[in-house]
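Please read it alongside the coordinates.

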Amino acid sequence: MSLSTYMALCLSHPAHGYYRTRDPFGRGGDFITAPEVSQMFGEIIGAFVAGAWQALGRPQKVDLVELGPGRGTLMADAMRVAAGAERVSEIINVVLVEISEPMIAAQRERLSGFEPSWLDDIEAIDVGGPPLIVIANEFFDALPIKQFQKSAGAWHERLIGLEGDVLRFGLSPASMPATAIPEAVRNAEEGSIWEAGLAAQQAAQGIARRIAARGGVALVIDYGYAETQAGDTFQAVADHRPADPLASPGEADLTAHVDFAALAGAVAEAGAIPRELLTQAQFLAAMGIVPRAKTLSRTNPHLSESITADLQRLTGREQMGALFKVLCFTSPGVAPYPFGDT
Ligand code: SAH
């Protein structure tokens, strides 16, 4: 089967899919994300949402949509910041796009005060309606990819099949036309792998189309690369450790790095405007995370060491600061801080 089929089954199969059956976060879980590292992350997103609302001309109503909200921590921290402003509950309608029952239960507990509604698919978001603000942290990396490998000078799709009772990678016997491979990687050396994040591009277009129609702003934060390139980034994590992605289907988190150039291209094609790509460190610094950390440390002196460590984890070059990127896209004529006009 195609890697995209394998990934979709492992992550989202109704009975056995990784996301359907467990809460992958926290101490006993498999991984930890930026909003789970520190409340500062969600608070910064809250400040961004407030700025985006202003950039949209302070509409009376907005739908604030989060894709894959996990435990609801980011939204809770963001809304705590926004709640300082007047009439926020009248203006902001919270919509959560989620497929995981355990996650929905956690979100319900955490966010019931904001009376959110749930959808299980981006395509279920209304194409008409009030302006949209969309947030996605570590959502796009979980969407299925396909891989293609150069073998004897031609590109072949990488497939997964059984050898005895063990899953193995192999290559499709039929080769792809070279023109189906992006120019940036077409001439890569023998053995190179190119990843096509088609589901991510499709999801980004679904959001972009709605933003173009309704007016709006989207913020996508994820690990990935700025320019389309060759490389195998398909990976599995179980118990906080790298695992063999074919070893225990449905038991490990499977992800791939996001091709932000491809995402921006898809967004532009669907009528939204991709803004300059920032690293997570650049974005958080521009949004004032350093003074925020200082204020937090001043009011919680006993926590100041861990606040400094969290800041480093979110922004350090060797940690999340450089690998994670922030892509903002908007309807025409809207430029929320810190994304200037382009
Ligand atoms: N944003 C959260 C969680 C990231 S993990 C955080 O930063 O902590 C990915 C999230 O996306 C999980 O909540 C998972 O259940 C959800 N998810 C994965 N695939 C999805 C899909 N196809 N549609 C909707 N939600 C999905």
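1. A polar contact is taken here as a pair of N or O atoms within 3.5 Å. On that basis Glu98 deserves attention: an N or O atom of the Glu98 side chain is placed 2.6 Å from an oxygen atom of the ligand. The model is predicted, and the distances in this note are computed from it.

2. The backbone also takes part in the ligand site. A polar backbone atom of Gly68 stands 2.7 Å from a nitrogen atom of the ligand. At Gly70, a backbone N or O atom is found 3.1 Å from a ligand oxygen atom. Of the 570 Å² of accessible area that the ligand has on its own, the protein covers 93%.

3. Which residues come nearest to the ligand? They are Thr33, Gly68, Gly70, Glu98 and Asn137, out of 17 residues around the ligand. By residue class, the shell consists of nine nonpolar, five polar and three charged residues.

4. Helix α4 spans residues 39-55, a run of 17 residues. From the first C-alpha to the last, α4 reaches 25 Å, which is close to the 24 Å expected at 1.5 Å a residue. At its start, a side-chain oxygen of Ser38 comes within 2.9 Å of the backbone nitrogen of Met40. After the helix comes Gly57, with a positive phi near 90 degrees.

5. Burial along α4 can be listed by residue. Its buried residues are Met40, Phe41, Gly42, Glu43, Ile44, Ile45, Gly46, Phe48, Val49, Ala52 and Trp53. A charged side chain, that of Glu43, belongs to a residue in this list.

6. Is helix α5 mostly covered or mostly open? The helix, made up of residues 73-82, is mostly covered, with eight of its ten residues buried. These are Thr73, Leu74, Met75, Ala76, Asp77, Ala78, Met79 and Ala82.

7. For the protein chain as a whole, the secondary structure amounts to 14 helices and 16 strands. Along the principal axes, the C-alpha atoms fill a box of roughly 60 × 45 × 35 Å. Buried residues make up 51% of the 342 in the chain.

Note on methods: Residues numbered from 1 in each chain as written. Predicted model: local features only at pLDDT ≥ 70, side-chain atom pairs only at ≥ 80, totals over all residues. Heavy atoms only, no water. Near = heavy atom within 4 Å. Polar contact = N/O pair within 3.5 Å; in protein donor to acceptor, adjacent residues only side chain to side chain. Areas by Shrake-Rupley, 256 points an atom, 1.4 Å probe, with all protein chains shown as cover. Helix = DSSP H or I, 4+ residues; strand = E, 2+ residues; numbered from the N terminus. Expected span 1.5 Å × (residues − 1). Buried < 20%, exposed > 50% of the residue type's maximum accessible area, 1.4 Å probe, protein only.
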